[in-house]
Amino acid sequence: CVDVHRKPLPVADSVTARGTSDPVVVNPSLSVEKTADKKEATVGEKVKYTIVVKNTGNVALKNVKVKDDMLNLDADIKELGVNKSETFTKEYTVKSDDIGELKNTAIASVEVNGKTITADDSVIVQVVDSSLSVEKTVDKEEALVGDTVTYTIVVTNTGDKALTNIQVTDEKIGLETVIKQLAVNASETVTGIYVVTEDDIG
């Protein structure tokens with residue numbers, strides 16, 4: 001008889017199959033935050049605005065345009081990395097046409113792969129009309145040298161905001177006083193006495 005010895009078959013090496021990685025989904029995104037250094041202002045007052053443009057997406061952005069017509073802002077951010085931001089500050093002088101609610105908007109935009117991404121933010125400043133009227137009268141139309149004349153000055157708050165520490169001066173009659181507070185449409189009366197001199201003849 002013949003012994004037949006069978007050799008065990010070699011064990012094949014294990015093979016791990018690795019597929020292709022999923023593509024990264026590009027998600028371009030922007031945010032705009034706009035603030036003002038005051039909530040209320042009067043005509044002629046300066047308001048400082050701050051505009052922060054941030055890349056809130058997962059891809060760097062190039063040539064981001066930032067516009068604010070009221071502030072004459074027209075800027076271009078050459079490159080804005082992920083989670084990076086750019087800050088702009090501008091001042092604006094309040095005009096009489098702004099009385100009431102002054103709303104201002106800043107807009108940022110960028111084009112990525114043929115698609116335009118935009119973001120904006122607005123801020124509101126209340127513009128109040130702080131104005132006064134002054135009426136001055138005298139107790140006589142004619143006077144002689146040495147006569148005493150009484151002047152009456154009526155100060156009225158014709159605006160839409162209460163006023164404080166209003167200075168009233170009249171150099172001719174030596175009047176200098178302060179009205180501590182004057183409510184809207186309220187009036188304060190101040191009187192001064194003057195003695196006519198020869199220099200007043202005419």
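Reply: The term pLDDT denotes the predictor's confidence in each residue, on a scale from 0 to 100. This is a predicted model, in which local features need a pLDDT of at least 70 and side-chain atom pairs count only at 80 or more, while totals for chains, interfaces and linings use all residues. Residues are numbered from 1 along each chain as its sequence is written, and side-chain values use heavy atoms, with hydrogens and water left out.

The protein chain has a mean pLDDT of 89, and 89% of its residues reach 70 or more. Strands (E, at least two residues) and helices (H or I, at least four) are DSSP runs, numbered from the N terminus.

Lys34 is buried, with a relative accessible area of 4%; buried means under 20%, exposed over 50% and partly exposed in between, using a 1.4 Å probe and protein chains only. Contact means heavy atoms within 4.5 Å. With neighbours within four places in sequence set aside, the contacts of Lys34 are Tyr49, Thr50, Ile51, Asp68, Leu71, Asn104, Thr105, Ala106, Asp121 and Val123.

Two asparagines concern the backbone. Asn113, although not a glycine, has a positive phi of about 50 degrees. Asn113 sits in the loop between β7 (100-112) and β8 (115-128) and is exposed, at 74% relative accessible area. Asn165, also not a glycine, has a positive phi of about 55 degrees and belongs to strand β11 (residues 163-170).
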